[in-house]
Amino acid sequence: MKRFGLTVLTAFLGGAMAIGAYKVIENNTEKNMSFEDRQKVYFASNREPVVASTGNVDFTEAAAAVTPAVVYIRTTYSATGGSGQDEMEQMFGQMFGQRVRPQGPQRASGSGVIISTDGYIVTNNHVVEKADKIEVTTNDKRTFQAKVIGTDPNTDLALIKISATNMPIVKLGNSDDTRVGEWVLAVGNPFNLTSTVTAGIISAKGRNIGIIGSESDDNSSNPFGSRTRMQQNLPKKGIESFIQTDAAINPGNSGGALVNTKGELIGINAAIASQTGSYEGYGFAIPVNLAKKVLNDIQKYGSVKRGLVGVSFTELNPDAAQQLGINNTVGLYVNDLVVGGGAELAGLHKGDIISKVNGHTVTESSDLQETVGRLQPGDKINLTVLRDGSEKNFTVTLKPESAGNRLAATKSAEELYNKLGAGFQALSGDQKAKYGVKSGVVVTQVRPGKMFDDLGVEVGSVITSINNMPINSPADIDKALTNLKNGNLKISGIDPQGAAFNNVYTVR
């Protein structure tokens with residue numbers, strides 16, 4: 001009997017160890033997965049479809065699948081720092097999120113979409129870019145503090161994270177497969193009305209509407225009407241290839257989900273075209289296939305690794321063709337080439353007309369911008385150009401971009417993390433050997449107007465310790481930030497020129 005009991009105990013312990021080992025392997029493996037691969041594991045077991053009262057599968061299935069994973073985001077800004085949304089509101093009539101203007105700290109709100117069970121959330125850059133505090137409320141009314149993992153102003157996307165597990169997620173779809181005329185749902189929190197679902201159709205794809213990176217003050221062809229005035233300080237090098245929909249989108253929907261009738265995420269709602277600031281029939285979403293690349297880069301590297309073709313161009317239409325004195329009215333006219341850029345090295349010339357990208361006909365700038373926006377430096381694209389009346393093919397290799405007090409002590413780790421205003425990536429063993437350090441994370445992004453920017457901490461700097469605690473991963477920063485001494489934050493590291501710094505800052 002004793003031998004039997006020992007056998008059972010041994011089997012139990014062996015099984016427990018096997019399960020434990022599996023969980024360790026599973027967790028470690030997941031950290032190295034893209035968000036899409038993580039989701040494949042999560043959705044491996046199919047859920048029962050939700051059926052309408054009529055007995056047919058309809059919008060109820062998509063709404064039931066998506067709504068639990070769309071969150072309400074409230075942000076707080078310092079009274080003097082501004083929210084980063086002021087200019088946007090002047091241009092677009094508060095379409096980028098709801099605002100109230102109390103005395104003292106200012107607040108704004110928007111939406112976000114949970115894309116991994118451990119709390120990663122995608123939203124718009126303009127929702128969180130200068131926030132001191134980010135509060136996330138889930139559909140089941142739980143509240144979390146969030147930290148900004150990284151942002152990409154060029155696509156108006158941001159990745160934030162809450163400390164949570166077993167969160168419901170929205171399945172990433174394939175925006176390339178979407179077709180004009182198909183039904184879609186928009187899910188978000190317009191006018192503080194949480195968990196709101198609206199329906200419409202895709203009315204166009206690949207829209208470039210001049211919101212991101214426009215340097216023109218000409219409103220003559222602007223879809224936002226006479227109220228819109230493009231500002232010179234908007235982010236440059238913007239990538240726009242919006243999905244246009246007539247699903248009702250209003251202030252507060254920014255960062256929310258645009259999904260197909262299967263409940264698959266096909267876009268992140270970003271803007272509306274309106275002369276009043278409210279819904280007038282045109283909404284625009286960032287396609288999810290572009291978002292996948294941006295979010296995976298931010299999660300893996302702390303910033304977006306983007307390759308450049310190295311051309312400036314004019315999108316052709318009859319008016320542009322007449323001004324240029326050419327007969328072609330479709331394609332991208334090459335105005336100039338970056339010296340040493342991918343296009344010049346491949347053999348393109350000024351005056352060429354880019355007619356195809358990877359074999360697909362180019363009708364507008366978004367056909368090139370979105371394709372390149374999904375790729376990494378070193379990747380290759382095939383460009384077909386018209387030159388002297390005949391087509392020529394070139395393979396272009398993408399080049400990389402040039403690259404305190406008592407009150408403070410009561411702030412959450414997430415709030416302090418956001419004050420740093422930076423993205424981070426863990427150092428590899430080889431990098432530690434190169435810098436001669438035992439710990440460290442490299443600064444991959446510095447956001448304007450935040451602490452690192454104000455203090456001149458540059459991209460490429462290595463942070464070795466915070467408050468005397470060694471830093472080996474972005475997660476270590478959270479622990480260190482809760483260890484303030486009289487409201488002071490001590491940051492040690494090495495700048496890109498190799499000079500060590502060891503400074504104490506007062507967090508306000």
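The following legends describe close-up views of a predicted model.

Residues are numbered from 1 along each chain as its sequence is written, and side-chain values use heavy atoms, with hydrogens and water left out. Because the model is predicted, local features need pLDDT of at least 70 and side-chain atom pairs count only at pLDDT 80 or more, whereas totals for chains, interfaces and linings use all residues.

**View 1. Confidence along the protein.** The mean pLDDT (the predictor's confidence in each residue, from 0 to 100) of the protein is 80, and 77% of its residues reach 70 or more. Confidence is highest in strand β4 (residues 120-123), at a mean of 97, and lowest in helix α10 (residues 406-409), at 40. Over residues 1-25 the pLDDT is below 50, and this stretch has zero contacts in the model beyond near neighbours in sequence; a contact means heavy atoms within 4.5 Å. Residues 51-56 likewise stay under 50, and for them the model has five contacts beyond four places in sequence. Where pLDDT is low, the predicted coordinates should not be read in detail. Helices (H or I, at least four residues) and strands (E, at least two) are DSSP runs, numbered from the N terminus.

View 2. Since 10 of the 14 residues are buried, α6 is largely enclosed by the rest of the structure. Buried means under 20% relative accessible area, exposed over 50%, and partly exposed in between (1.4 Å probe, protein chains only). Among the buried residues of α6 are Val 288, Leu 290, Lys 292, Lys 293, Asp 297 and Ile 298. Gly 302, with a positive phi near 90°, follows the helix.

**View 3. The largest cavity.** The largest cavity has a volume of about 60 Å³. Grid points are joined across faces, edges and corners, and the volume is the space filled by probe spheres set on the points. The lining consists of Phe 35, Ile 115, Val 122, Leu 172, Leu 265, Ile 268, Val 288, Ala 291, Lys 292 and Leu 295. Strand β13 (264-272) and helix α6 are the elements that give two or more residues to this lining, and α6 gives the most, with four. By class, the lining has nine nonpolar, no polar and one charged residues. Ala, Val, Leu, Ile, Met, Phe, Trp, Tyr, Cys and Pro count as nonpolar, Asp, Glu, Lys and Arg as charged, and the others, Gly among them, as polar.

**View 4. Leu 159 in strand β7.** Leu 159 lies in strand β7 and counts as buried, at 0% relative accessibility. Its contacts, not counting residues up to four places away in sequence, include Phe 35, Ile 115, Tyr 120, Val 148, Leu 295 and Ile 298. Gln 299 is another residue that Leu 159 touches; the two are 140 residues apart in sequence and 7.8 Å apart in space, C-alpha to C-alpha.

**View 5. Helices α9 and α11.** Helix α9 (residues 365-373) is mostly covered, with seven of its nine residues buried, including Ser 365, Leu 368 and Glu 370. In helix α11 (residues 413-420), eight of the eight residues are buried, so this helix is largely enclosed by the rest of the structure.

**View 6. Two asparagines with positive phi.** Asn 166 is found in the loop between β7 (157-162) and β8 (171-172), and its phi is near 55°. Asn 166 counts as exposed, at 70% relative accessibility. Asn 468 lies in the loop between β25 (462-466) and β26 (469-470), with a positive phi of about 70°. Asn 468 is exposed, with a relative accessible area of 57%.

Note on methods:
1 Å grid on protein atoms, 1.4 Å probe; cavity = no way out; pocket = protein on both sides within 12 Å on 5 of 7 lines; lining within 4 Å.
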